[in-house]
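Please look at the sequence and the model below before reading on.

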Amino acid sequence: MMAEKRMSRWYFGGIASCGAACCTHPLDLVKVHLQTQQEVKMRMVGMAMHVVKNDGVLALYNGLSASLCRQMSYSLTRFAIYETVRDMMGSGGQGPMPFYQKVLLGAFGGFTGGFIGTPADMVNVRMQNDMKLPAEQRRNYKHALDGLFRVWREEGTRKLFSGATMASSRGALVTVGQLACYDQAKQLVLGTGLMGDNILTHFLSSFIAVSIEASDWPVIGYS
């Protein structure tokens, strides 16, 4: 009996990224607050408690719509480029792509996704950081689309892509770690013959990839 051939779907990656964003958004918000401190006065737990005490539990989800918008642009783009090209090149009967090609493809996909996702990323950071500003200086974006439209109308198109170089570079490095290194790790694990294509293999491959992935970069250029 032939083994079932599993086909990847690039949009699964984007949908999964949105689900992950819903779970990790409070941590991302606390990270932004820690990175934008003028002086190091609080650590992670203290900052989270400070946000909840001053603005309520739901304040931990400020900017969630922008975070989802970013994933739908950044993550969908990089997954679409990487997995589509990888599958096209692998369908010619030549076997898996060499690792260096995966790295180059991941870097290109991540760079492109980072550039496309820059406007939503900027609005996300602004919405998360808004509560720290005095009331008269807050932008009070209603949601991601409102923020994008207001930035375009009030500050111009160029402002939407403020920080694009950093976001694109970070996207390239992160995608190499998350996709190219994951693919290579999974190929090596399966090549041992000790494990099949199952959830344990995926977990181990992800663990190997994340151990060498580039660290998250600080937030800059979105003021």
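## Basis of the model

This is a predicted model, in which local features need pLDDT of at least 70 and side-chain atom pairs count only at pLDDT 80 or more, while totals for chains, interfaces and linings use all residues. Residues are numbered from 1 along each chain as its sequence is written, and side-chain values use heavy atoms, with hydrogens and water left out.

## Helix H5

Helices here are DSSP runs (H or I, at least four residues), numbered from the N terminus. Helix H5 covers residues 118–129, twelve residues in total. From first C-alpha to last, H5 reaches 16 Å, close to the 16 Å expected at 1.5 Å a residue; the expected span is 1.5 Å times one less than the number of residues.

Twelve of the twelve residues of H5 are buried, so the helix is largely enclosed by the rest of the structure. Buried means under 20% relative accessible area, exposed over 50%, and partly exposed in between (1.4 Å probe, protein chains only). The buried residues of H5 include Pro 119, Asp 121 and Arg 126. They pack against helices H1, H3, H4, H6, H7 and H8, where contact means heavy atoms within 4.5 Å.

## H1 against H5

The axes of H1 and H5 lie 9 Å apart, at an angle of about 80°. Axes are lines fitted to C-alpha atoms, for helices over the stretch in contact, and angles run from 0 to 180 degrees between N-to-C directions. H1 and H5 are therefore roughly perpendicular to each other (65 to 115 degrees).

On the H1 side, His 25, Asp 28, Leu 29, Val 32 and His 33 meet Asn 124, Val 125, Gln 128 and Asn 129 of H5. By class, this contact of H1 with H5 has three nonpolar, five polar and one charged residues.

## Aromatic pairs

The structure holds three aromatic pairs, meaning rings of Phe, Tyr and Trp (its six-membered ring) with centres within 6.5 Å. One of them, Phe 115 with Phe 161, is stacked, at 4.9 Å centre to centre and 20° between the planes (stacked means under 30 degrees). Phe 115 is in helix H4 and Phe 161 in the loop between H7 and H8, 46 residues apart, and the pair links distant parts of the chain. Phe 115 is partly exposed at 40% relative accessible area, and Phe 161 is partly exposed at 31%.

Conventions:
Helix = DSSP H or I, 4+ residues; strand = E, 2+ residues; numbered from the N terminus. Parallel < 35°, antiparallel > 145°, perpendicular 65-115°, else oblique. Nonpolar A, V, L, I, M, F, W, Y, C, P; charged D, E, K, R; others polar. Phe/Tyr/Trp six-rings, centres within 6.5 Å; stacked < 30°, edge-to-face > 60°.
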